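Let's take a walk through this one together. Keep the sequence and the 3D view side by side as you read.

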Amino acid sequence: MGMKDKRLMLRSDGPGALDPLFSLIRDAEKPFVIALDGFCASGKTTLSEELEKRFGARVIHTDDFYLPRDMRSAERYAEPGGTIHYERLKAEVIDRLADPGLTYGVFSHEIMGIARTRTLPAAPVTVIEGAYASHPYFGDYADLRCFMETDPEEQRRRILARNGPERLKLFEERWIPYEIRYEAAFGIRDRADVLIRT
């Protein structure tokens, strides 16, 4: 697409640091779709909230598409990017981005399955936010692919502050290795149009 002729590399470490990204989105033809991928605790959710505030973006979180209990197998977890129900994300959201509204199921950890639905109206900007948002299974659906990362020590500090020591251990033993394997298998970082270090 026309916006992908030059890679943008940013650091979100000061006032105005992300202004080039905001300008790009502001000037883009609408509707505009962003895949906001990256490692955990890199600031994806915070940035998606800012995009919602600035541009009235509708935000879909990949966390709403965790695997249901009956899909959690060693074979599935061995698959790069297999930790989310990407088939459902594609069918319920990505294949329907041109629809006037989106209704999709929201995963609940309490019941280990879909607990409710969420409906989002059409918006000038749509953000698919979360790890695995740029999974090749989805095809070239996004007008802009962003990838966010941070230093491993900073990542660890943020997870500890946000989730506590027990959850940090789970992140270190499971979720972080899954994300690293996914990124390496598909070259997600190198395929991004915008690389953001936080």
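The protein chain has six helices and eight strands, where helices (H or I, at least four residues) and strands (E, at least two) are DSSP runs, numbered from the N terminus. Follow the sequence along and you get the pattern β-α-β-α-β-α-α-β-β-β-β-α-α-β. Before going further, keep in mind that this is a predicted model, in which local features need pLDDT of at least 70 and side-chain atom pairs count only at pLDDT 80 or more, while totals for chains, interfaces and linings use all residues. Residues are numbered from 1 along each chain as its sequence is written, and side-chain values use heavy atoms, with hydrogens and water left out.

Now for the overall build. A compact globule of 198 residues would have a radius of gyration near 16 Å, and the protein chain agrees because it has 16 Å; the value is taken over C-alpha atoms, and the globule rule is 2.2 Å times the number of residues to the power 0.38. Along the principal axes, the C-alpha atoms fill a box of roughly 45 × 40 × 30 Å. Of the 198 residues, 48% count as buried, where buried means under 20% relative accessible area, exposed over 50%, and partly exposed in between (1.4 Å probe, protein chains only). Take the contacts (heavy atoms within 4.5 Å) between residues at least 6 apart in sequence: 71% of them join residues at least 24 apart.

Next, find the sheet. Six strands make an open sheet with parallel pairing, in the order β1-β8-β7-β2-β6-β3; two strands pair if DSSP finds at least two bridges between them. At the edges sit β1 (8-11) and β3 (58-61), each pairing on one side only. From one strand to the next, the twist averages 20 degrees. Helix α1 (residues 19-27) packs on this sheet, touching β1, β2 (32-38), β6 (125-129), β7 (144-149) and β8. The direction of α1 makes about 135 degrees with that of β1, with axes being lines fitted to C-alpha atoms, for helices over the stretch in contact, and angles running from 0 to 180 degrees between N-to-C directions.

How do the neighbours line up? β1 and β8 (residues 194-197) run parallel and are joined by four bridges, with M9 opposite L195 in β8. Four bridges also join β7 to β8, again in parallel, and there C146 faces V194 in β8. On β2, I34 stands opposite L144 in β7, and β2 and β7 pair in the parallel sense over five bridges.

Time to look at the rings. The structure holds 12 aromatic pairs; rings of Phe, Tyr and Trp (its six-membered ring) pair if their centres lie within 6.5 Å, and planes under 30 degrees apart count as stacked, over 60 as edge-to-face and the rest as tilted. F65 and Y104 are a stacked pair because their ring centres are 5.6 Å apart and their planes are at 25 degrees. F65 lies in the loop between β3 and α3 (74-77) and Y104 in strand β4 (residues 101-108), so this pair ties together parts that are 39 residues apart in sequence. Both F65 and Y104 are buried.

Y86 and Y137 make a tilted pair, 4.8 Å centre to centre with 55 degrees between the planes. Y86 belongs to helix α4 (residues 86-92) and Y137 to the loop between β6 and β7, 51 residues apart. Y86 counts as buried because its relative accessibility is 8%, whereas Y137, at 39%, counts as partly exposed. Elsewhere, Y66, Y77, F107, W175 and Y178 form one aromatic cluster.

Finally, a few backbone details. Between K30 and P31 there is a cis peptide bond, with omega about 5 degrees, and P31 lies in the loop between α1 and β2. M112, in the loop between β4 and β5 (113-121), has a positive phi of about 55 degrees although it is not a glycine. Y132 also has a positive phi, about 80 degrees, without being a glycine; Y132 lies in the loop between β6 and β7. At 17% relative accessibility, M112 counts as buried, and Y132 is buried too, with a relative accessible area of 5%.
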